Amino acid sequence: MSLLAALPRVLRRSAPPVAPVPGWYRREAAIMGTAISAELWADSPAEGEAALDVVFDEMHRIDRLMSPHKPASELSRINREAAHHAVPLREEMATLLARALDFSARTDGAFDISFAAIGQLYDYRAGTVPSPQLLAAARGLVDWRELHLDRRAGTLRFGRAGMRIDLGGIAKGHAVDRAVALLRQRGIQHAMVAAGGDSHLLGDRRGRPWQLGIAHPRRKGDTVAVLPLQDTAVSTSGDYERGFERRGVRHHHLIDPRTGDSARGATSVTVLAPDGVTAEALSKMLFIHGPRRGFAMLEDWPGVDAVLVDAQGVLHASAGFNGSHS
(Lines give C-alpha, C1' and ligand atoms only; values in the text may rest on other atoms or scores of the structure.)
Protein backbone atom coordinates (compact mmCIF):
# COMPACT_ATOMS: atom_id res chain seq x y z
CA MET A 1 0.00 0.00 0.00
CA SER A 2 1.31 3.45 -0.88
CA LEU A 3 2.04 6.04 1.77
CA LEU A 4 -0.66 8.26 0.28
CA ALA A 5 -3.30 5.55 0.57
CA ALA A 6 -2.38 4.83 4.20
CA LEU A 7 -2.36 8.47 5.26
CA PRO A 8 -6.12 8.90 5.99
CA ARG A 9 -6.07 5.87 8.28
CA VAL A 10 -3.07 7.21 10.18
CA LEU A 11 -4.78 10.57 10.60
CA ARG A 12 -7.97 8.97 11.86
CA ARG A 13 -6.08 6.86 14.39
CA SER A 14 -3.99 9.74 15.65
CA ALA A 15 -6.76 12.38 15.93
CA PRO A 16 -7.75 12.88 19.59
CA PRO A 17 -11.41 12.21 20.46
CA VAL A 18 -13.65 15.26 20.63
CA ALA A 19 -14.74 15.81 24.24
CA PRO A 20 -18.43 16.50 24.87
CA VAL A 21 -19.20 20.10 25.79
CA PRO A 22 -21.71 20.41 28.66
CA GLY A 23 -23.90 23.48 28.59
CA TRP A 24 -27.32 25.07 28.46
CA TYR A 25 -29.46 24.48 25.39
CA ARG A 26 -32.57 26.47 24.53
CA ARG A 27 -35.30 26.46 21.87
CA GLU A 28 -38.51 28.40 21.19
CA ALA A 29 -41.51 27.85 18.90
CA ALA A 30 -45.17 28.81 18.53
CA ILE A 31 -47.34 25.76 19.33
CA MET A 32 -50.76 25.31 20.96
CA GLY A 33 -51.56 28.92 20.11
CA THR A 34 -48.86 30.23 22.42
CA ALA A 35 -45.10 30.70 22.83
CA ILE A 36 -43.33 27.47 23.84
CA SER A 37 -39.80 27.56 25.20
CA ALA A 38 -37.46 25.05 26.81
CA GLU A 39 -34.05 25.44 28.41
CA LEU A 40 -32.01 22.56 29.79
CA TRP A 41 -28.54 21.48 30.84
CA ALA A 42 -27.01 18.61 28.90
CA ASP A 43 -23.58 16.98 28.68
CA SER A 44 -23.21 17.55 24.93
CA PRO A 45 -24.84 19.37 22.01
CA ALA A 46 -26.16 16.08 20.67
CA GLU A 47 -27.79 15.22 24.00
CA GLY A 48 -29.17 18.72 24.41
CA GLU A 49 -30.70 18.92 20.95
CA ALA A 50 -32.15 15.40 21.23
CA ALA A 51 -33.78 16.32 24.55
CA LEU A 52 -35.23 19.50 23.05
CA ASP A 53 -36.58 17.47 20.13
CA VAL A 54 -38.45 15.29 22.63
CA VAL A 55 -39.99 18.35 24.33
CA PHE A 56 -41.22 19.95 21.13
CA ASP A 57 -42.42 16.67 19.62
CA GLU A 58 -44.54 16.21 22.75
CA MET A 59 -45.95 19.72 22.47
CA HIS A 60 -46.98 19.07 18.87
CA ARG A 61 -48.53 15.73 19.89
CA ILE A 62 -50.66 17.31 22.60
CA ASP A 63 -51.68 20.11 20.23
CA ARG A 64 -52.87 17.52 17.70
CA LEU A 65 -54.83 15.78 20.47
CA MET A 66 -56.37 18.70 22.35
CA SER A 67 -56.64 21.65 19.98
CA PRO A 68 -60.21 22.97 19.55
CA HIS A 69 -59.14 24.41 16.18
CA LYS A 70 -57.94 21.19 14.51
CA PRO A 71 -60.89 19.19 13.09
CA ALA A 72 -58.99 15.91 13.46
CA SER A 73 -58.17 16.40 17.16
CA GLU A 74 -59.77 14.21 19.79
CA LEU A 75 -61.22 17.31 21.44
CA SER A 76 -62.92 18.38 18.19
CA ARG A 77 -64.37 14.88 17.77
CA ILE A 78 -65.77 15.05 21.31
CA ASN A 79 -67.40 18.42 20.62
CA ARG A 80 -68.95 17.13 17.37
CA GLU A 81 -70.30 13.85 18.73
CA ALA A 82 -70.74 13.83 22.51
CA ALA A 83 -74.22 15.37 22.45
CA HIS A 84 -75.37 12.45 20.26
CA HIS A 85 -73.66 9.47 21.91
CA ALA A 86 -71.01 8.49 24.42
CA VAL A 87 -67.63 9.13 22.76
CA PRO A 88 -64.77 6.66 23.40
CA LEU A 89 -61.71 8.39 24.86
CA ARG A 90 -58.01 7.77 24.94
CA GLU A 91 -56.80 7.07 28.46
CA GLU A 92 -54.80 10.31 28.49
CA MET A 93 -57.89 12.34 27.62
CA ALA A 94 -60.09 10.46 30.10
CA THR A 95 -57.60 11.05 32.90
CA LEU A 96 -57.33 14.77 32.16
CA LEU A 97 -61.12 15.15 31.95
CA ALA A 98 -61.48 13.37 35.31
CA ARG A 99 -59.08 15.87 36.85
CA ALA A 100 -60.98 18.77 35.25
CA LEU A 101 -64.27 17.59 36.73
CA ASP A 102 -62.65 17.15 40.13
CA PHE A 103 -61.42 20.75 40.00
CA SER A 104 -64.94 21.85 39.03
CA ALA A 105 -66.46 20.09 42.03
CA ARG A 106 -63.87 21.40 44.47
CA THR A 107 -64.02 25.02 43.22
CA ASP A 108 -67.83 25.30 43.17
CA GLY A 109 -67.77 25.45 39.40
CA ALA A 110 -65.32 28.34 39.09
CA PHE A 111 -63.22 26.02 36.95
CA ASP A 112 -65.47 24.58 34.25
CA ILE A 113 -64.29 23.31 30.86
CA SER A 114 -67.84 23.59 29.49
CA PHE A 115 -67.40 27.40 29.51
CA ALA A 116 -66.51 26.93 25.82
CA ALA A 117 -70.14 27.43 24.83
CA ILE A 118 -69.70 31.02 25.98
CA GLY A 119 -66.02 31.46 25.14
CA GLN A 120 -66.61 30.82 21.44
CA LEU A 121 -68.94 33.83 21.27
CA TYR A 122 -66.18 36.34 22.06
CA ASP A 123 -63.75 37.66 19.45
CA TYR A 124 -60.92 39.39 21.29
CA ARG A 125 -59.04 40.36 18.14
CA ALA A 126 -62.08 42.02 16.60
CA GLY A 127 -63.18 43.42 19.96
CA THR A 128 -66.70 41.98 19.85
CA VAL A 129 -68.89 40.60 22.64
CA PRO A 130 -72.03 38.46 22.34
CA SER A 131 -75.47 40.02 22.51
CA PRO A 132 -77.41 39.57 25.76
CA GLN A 133 -79.69 37.09 23.98
CA LEU A 134 -76.81 34.93 22.72
CA LEU A 135 -75.10 35.07 26.09
CA ALA A 136 -78.24 34.02 27.95
CA ALA A 137 -78.72 31.03 25.63
CA ALA A 138 -75.08 29.98 25.97
CA ARG A 139 -75.16 30.21 29.76
CA GLY A 140 -77.71 27.41 29.74
CA LEU A 141 -75.07 25.17 28.11
CA VAL A 142 -72.39 25.73 30.75
CA ASP A 143 -72.59 23.14 33.52
CA TRP A 144 -69.77 20.73 34.34
CA ARG A 145 -72.32 18.40 35.99
CA GLU A 146 -73.74 17.69 32.53
CA LEU A 147 -70.39 16.26 31.36
CA HIS A 148 -71.00 12.56 31.92
CA LEU A 149 -67.63 10.85 32.12
CA ASP A 150 -67.73 7.07 32.47
CA ARG A 151 -64.27 6.06 33.67
CA ARG A 152 -65.01 2.35 33.50
CA ALA A 153 -66.23 2.52 29.91
CA GLY A 154 -63.76 5.28 28.99
CA THR A 155 -66.41 7.52 27.41
CA LEU A 156 -67.78 11.06 27.64
CA ARG A 157 -71.32 12.17 26.85
CA PHE A 158 -72.82 15.66 26.96
CA GLY A 159 -76.10 16.02 28.84
CA ARG A 160 -77.33 18.87 26.64
CA ALA A 161 -77.22 19.49 22.90
CA GLY A 162 -75.00 22.44 22.03
CA MET A 163 -72.50 21.91 24.85
CA ARG A 164 -68.78 22.23 24.14
CA ILE A 165 -65.61 21.79 26.13
CA ASP A 166 -62.27 23.56 25.93
CA LEU A 167 -59.10 22.37 27.66
CA GLY A 168 -57.35 25.73 27.38
CA GLY A 169 -57.48 26.01 31.16
CA ILE A 170 -55.30 22.94 31.77
CA ALA A 171 -53.84 21.70 28.46
CA LYS A 172 -50.70 23.84 28.72
CA GLY A 173 -50.14 22.70 32.29
CA HIS A 174 -50.52 19.11 31.12
CA ALA A 175 -48.09 19.75 28.27
CA VAL A 176 -45.30 21.14 30.47
CA ASP A 177 -45.82 18.30 32.96
CA ARG A 178 -45.51 15.71 30.19
CA ALA A 179 -42.42 17.38 28.74
CA VAL A 180 -40.65 17.46 32.12
CA ALA A 181 -41.55 13.81 32.76
CA LEU A 182 -39.93 12.85 29.45
CA LEU A 183 -36.81 14.88 30.29
CA ARG A 184 -36.53 13.08 33.64
CA GLN A 185 -36.68 9.76 31.80
CA ARG A 186 -33.70 10.87 29.71
CA GLY A 187 -31.68 11.76 32.81
CA ILE A 188 -31.98 15.54 32.45
CA GLN A 189 -31.76 17.11 35.91
CA HIS A 190 -32.00 20.86 35.21
CA ALA A 191 -34.64 22.28 32.88
CA MET A 192 -37.46 24.77 32.45
CA VAL A 193 -40.32 24.16 30.03
CA ALA A 194 -42.80 27.00 29.46
CA ALA A 195 -46.03 27.28 27.49
CA GLY A 196 -47.34 30.82 27.63
CA GLY A 197 -47.87 31.63 31.30
CA ASP A 198 -47.37 28.03 32.43
CA SER A 199 -43.98 26.64 33.39
CA HIS A 200 -42.58 23.50 34.98
CA LEU A 201 -39.13 23.75 36.55
CA LEU A 202 -36.96 20.67 36.88
CA GLY A 203 -34.22 21.04 39.50
CA ASP A 204 -32.47 24.39 39.64
CA ARG A 205 -29.94 26.31 37.52
CA ARG A 206 -27.05 24.16 38.73
CA GLY A 207 -26.71 25.57 42.22
CA ARG A 208 -28.84 28.68 41.76
CA PRO A 209 -32.63 28.94 41.72
CA TRP A 210 -34.58 29.77 38.60
CA GLN A 211 -35.67 33.42 38.68
CA LEU A 212 -39.26 33.90 37.58
CA GLY A 213 -40.68 37.40 37.23
CA ILE A 214 -44.39 38.10 37.66
CA ALA A 215 -45.40 40.71 35.10
CA HIS A 216 -47.13 43.85 36.32
CA PRO A 217 -50.69 43.65 34.94
CA ARG A 218 -50.85 47.34 34.09
CA ARG A 219 -47.27 48.52 33.48
CA LYS A 220 -45.73 46.72 30.54
CA GLY A 221 -42.15 45.68 31.18
CA ASP A 222 -42.44 45.99 34.97
CA THR A 223 -42.70 43.14 37.47
CA VAL A 224 -44.58 42.91 40.75
CA ALA A 225 -42.24 40.23 42.13
CA VAL A 226 -39.32 38.00 41.18
CA LEU A 227 -39.52 34.48 42.61
CA PRO A 228 -36.50 32.22 43.21
CA LEU A 229 -37.79 28.71 42.39
CA GLN A 230 -36.82 25.10 41.87
CA ASP A 231 -38.66 21.83 41.29
CA THR A 232 -42.11 23.37 40.98
CA ALA A 233 -44.80 24.25 38.47
CA VAL A 234 -46.02 27.81 37.95
CA SER A 235 -49.08 29.26 36.25
CA THR A 236 -49.80 32.95 35.73
CA SER A 237 -53.17 34.18 34.48
CA GLY A 238 -53.66 37.84 33.62
CA ASP A 239 -56.45 39.93 32.15
CA TYR A 240 -53.84 41.58 29.92
CA GLU A 241 -53.08 38.39 27.95
CA ARG A 242 -56.06 38.39 25.58
CA GLY A 243 -58.71 41.07 25.62
CA PHE A 244 -59.81 44.59 24.79
CA GLU A 245 -61.39 47.60 26.44
CA ARG A 246 -64.75 49.11 25.53
CA ARG A 247 -66.26 52.14 27.27
CA GLY A 248 -63.78 51.74 30.11
CA VAL A 249 -64.61 48.07 30.71
CA ARG A 250 -62.02 45.39 30.04
CA HIS A 251 -63.26 42.21 28.36
CA HIS A 252 -60.78 39.33 28.56
CA HIS A 253 -60.55 35.57 28.08
CA LEU A 254 -60.76 34.60 31.77
CA ILE A 255 -64.50 34.06 31.84
CA ASP A 256 -66.57 33.43 34.94
CA PRO A 257 -68.63 30.35 33.94
CA ARG A 258 -71.44 31.43 36.26
CA THR A 259 -72.02 34.81 34.57
CA GLY A 260 -70.53 34.45 31.11
CA ASP A 261 -68.67 37.72 31.64
CA SER A 262 -64.98 38.33 32.21
CA ALA A 263 -63.97 37.76 35.85
CA ARG A 264 -63.42 41.02 37.78
CA GLY A 265 -61.90 39.79 41.05
CA ALA A 266 -58.27 40.03 39.92
CA THR A 267 -55.95 41.41 37.28
CA SER A 268 -53.16 38.83 37.74
CA VAL A 269 -52.80 35.51 39.57
CA THR A 270 -49.70 33.34 39.93
CA VAL A 271 -49.93 29.86 41.46
CA LEU A 272 -47.07 27.58 42.52
CA ALA A 273 -47.94 23.88 42.72
CA PRO A 274 -46.34 20.44 42.47
CA ASP A 275 -47.66 20.00 38.91
CA GLY A 276 -48.70 22.21 36.04
CA VAL A 277 -52.29 21.00 35.74
CA THR A 278 -53.00 21.93 39.37
CA ALA A 279 -51.23 25.28 39.03
CA GLU A 280 -53.13 26.21 35.88
CA ALA A 281 -56.56 25.13 37.11
CA LEU A 282 -56.19 26.91 40.46
CA SER A 283 -54.96 30.11 38.82
CA LYS A 284 -58.32 30.23 37.00
CA MET A 285 -60.20 29.50 40.24
CA LEU A 286 -58.42 32.32 42.09
CA PHE A 287 -59.00 34.73 39.25
CA ILE A 288 -62.74 34.07 39.35
CA HIS A 289 -63.30 33.84 43.11
CA GLY A 290 -60.92 36.66 44.05
CA PRO A 291 -58.60 36.80 47.07
CA ARG A 292 -60.93 36.22 50.00
CA ARG A 293 -62.83 33.15 48.83
CA GLY A 294 -60.07 31.98 46.52
CA PHE A 295 -57.38 31.81 49.18
CA ALA A 296 -59.78 30.08 51.57
CA MET A 297 -60.34 27.39 48.91
CA LEU A 298 -56.62 27.15 48.23
CA GLU A 299 -56.09 25.72 51.71
CA ASP A 300 -57.60 22.44 50.46
CA TRP A 301 -54.54 21.90 48.24
CA PRO A 302 -51.38 21.18 50.29
CA GLY A 303 -48.14 22.48 48.81
CA VAL A 304 -49.86 25.16 46.74
CA ASP A 305 -49.13 28.87 47.15
CA ALA A 306 -50.26 31.91 45.22
CA VAL A 307 -49.96 35.63 44.78
CA LEU A 308 -52.82 37.74 43.39
CA VAL A 309 -53.12 41.34 42.22
CA ASP A 310 -56.70 42.53 42.65
CA ALA A 311 -58.67 45.03 40.58
CA GLN A 312 -57.39 47.91 42.73
CA GLY A 313 -53.77 46.86 42.24
CA VAL A 314 -53.37 45.48 45.78
CA LEU A 315 -51.07 42.48 46.15
CA HIS A 316 -52.40 39.48 48.11
CA ALA A 317 -50.52 36.29 49.03
CA SER A 318 -51.58 32.93 50.40
CA ALA A 319 -50.68 32.07 53.99
CA GLY A 320 -47.74 29.86 53.07
CA PHE A 321 -46.24 32.24 50.55
CA ASN A 322 -42.96 33.78 51.72
CA GLY A 323 -41.38 34.88 48.45
CA SER A 324 -39.67 31.56 47.73
CA HIS A 325 -40.79 28.06 46.91
CA SER A 326 -39.02 24.77 46.48
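How many residues lie between β11 and β12 in the hairpin that these strands form? The structure is a predicted model, in which local features need pLDDT of at least 70 and side-chain atom pairs count only at pLDDT 80 or more, whereas totals for chains, interfaces and linings use all residues. Residues are numbered from 1 along each chain as its sequence is written, and side-chain values use heavy atoms, with hydrogens and water left out.

The hairpin of β11 and β12 has two residues between its strands, and Arg 247 in the turn has a positive phi of about 50°. Strands β11 (residues 243–246) and β12 (residues 249–252) pair in the antiparallel sense over four bridges, pairing being assigned if DSSP finds at least two bridges between two strands. Within this arrangement, Phe 244 has His 251 of β12 as its bridge partner. Strands (E, at least two residues) and helices (H or I, at least four) are DSSP runs, numbered from the N terminus.

Helix α4 (residues 91–106) comprises 16 residues, which at 1.5 Å a residue should span 22 Å, in agreement with the 23 Å between its end C-alpha atoms; the expected span is taken as 1.5 Å times one less than the number of residues. The buried residues of α4 are Met 93, Ala 94, Leu 96, Leu 97, Ala 100, Leu 101, Phe 103 and Ser 104, where buried denotes under 20% relative accessible area with a 1.4 Å probe and protein chains only. These buried residues pack against α2, α3 (74–81), β4 (147–150), β5 (155–158), α7 and α8, with contact meaning heavy atoms within 4.5 Å. Asp 108, which follows α4, has a positive phi near 55°.

Pockets were located on a 1 Å grid over the protein atoms alone, as open sets of points where a 1.4 Å probe fits, with protein on both sides within 12 Å along at least five of seven lines; lining residues have an atom within 4 Å of a point. The largest pocket holds about 1,400 Å³ of space, volume being the space filled by probe spheres set on the points. Its lining consists of 44 residues, with Asp 166, Gly 168, Lys 172, Arg 242 and His 253 nearest the centre. Among the elements that each supply at least two lining residues to the largest pocket are α2 (45–66) and α7 (171–185).

The second largest pocket holds about 260 Å³ and is lined by 17 residues, including Gly 196, Gly 197 and Ser 199. Strand β8 gives the largest share of this lining, six residues.

Terms used: Buried means under 20% relative accessible area, exposed over 50%, partly exposed in between (1.4 Å probe, protein chains only).
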